[in-house]
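Please open the model in your viewer and follow the selections below in order. Each stop gives a selection and what is found there.

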Amino acid sequence: MNSARCLGLVGGLGVGATNHYYEKVARALEAQNRTPEIVIVHAETSRVFDYVQAHDRDGLAEYLTSFVRRLESAGAEMVAIPAVTPHFCIRQLVAISPLPVFDIFPPLVRELAARNVRRVAVFGTRYVVESGLFGEITAVEIVRPEAPEVDYIHETYIELARSGKGLEKQRKGLTAIAHALMKRDAVEAIILAGTDLALLFDDANTDFPFVDCAALHIQAILKELTTSL
């Protein structure tokens, strides 16, 4: 088997999201007869939330860069953060990181354009939902759910990240909000902007149009990992 280029994951944000990326990347590379080369460090979700709540993009970028340096020392050639909320500081992080960082937003922009989607809503943490993906997606109109809906989406997501398990009542609750947004606000698709939402939704069980940020991110990572080999 040929080795792929070495990927560094800033993990722990949360653990289930890290496992999801590791499993998807490793299995895809093995299917291509390539040996996965992956190193992982563990950052703290609570620290990330503190920086985001304080609107401290520079501080968060410095915090994440400390882990990138450790990944570089372990042999990583490029870095991904398997979560959306830490991308709050993606521009600042890219500017100071010693390694290339896979930005989660460009693949999403390309997918929305390819599907000609113009009006969306976002599922993820409160910080992602209320900020409209931190203002990084400007070619579409992002509809904010009503306040009780935002509370439910955030609390459900935090529980998913904490437990690593998805419940049917959670899937039904979020599905009901998705249908309400489509009917009430003419939303065309839901952006799943949280890796742990994969515990609830997939192509087989989801009856509303959606765009999976994590899946698009992973596809972009795999493409780069196998380039020039």
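Relative accessible area is computed with a 1.4 Å probe on protein chains only: under 20% is buried, over 50% is exposed, and values in between are partly exposed. The model is predicted, with local features requiring pLDDT of at least 70 and side-chain atom pairs pLDDT 80 or more, while totals for chains, interfaces and linings use all residues. Residues are numbered from 1 along each chain as its sequence is written, and side-chain values use heavy atoms, with hydrogens and water left out.

Select Arg115 to begin: its relative accessibility is 35%, so Arg115 counts as partly exposed. The whole structure holds 13 salt bridges.

Next, select Glu136 and Arg91, another salt bridge, with closest N and O atoms at 3.1 Å. This pair connects distant parts of the chain, 45 residues apart. Arg91 is exposed, at 59%.

Move to Glu159 and Arg162, whose closest N and O atoms are 2.6 Å apart in a salt bridge. Glu159 is partly exposed at 30%, whereas Arg162 is exposed at 61%.

Finally, select Gln170, which is buried because its relative accessible area is 6%. Beyond its neighbours within four places in sequence, Gln170 has contacts (heavy atoms within 4.5 Å) with residues including Tyr152, Glu159 and Leu200.

Key:
A salt bridge is a side-chain nitrogen of Lys or Arg within 4 Å of a carboxyl oxygen of Asp or Glu. Helices (H or I, at least four residues) and strands (E, at least two) are DSSP runs, numbered from the N terminus.
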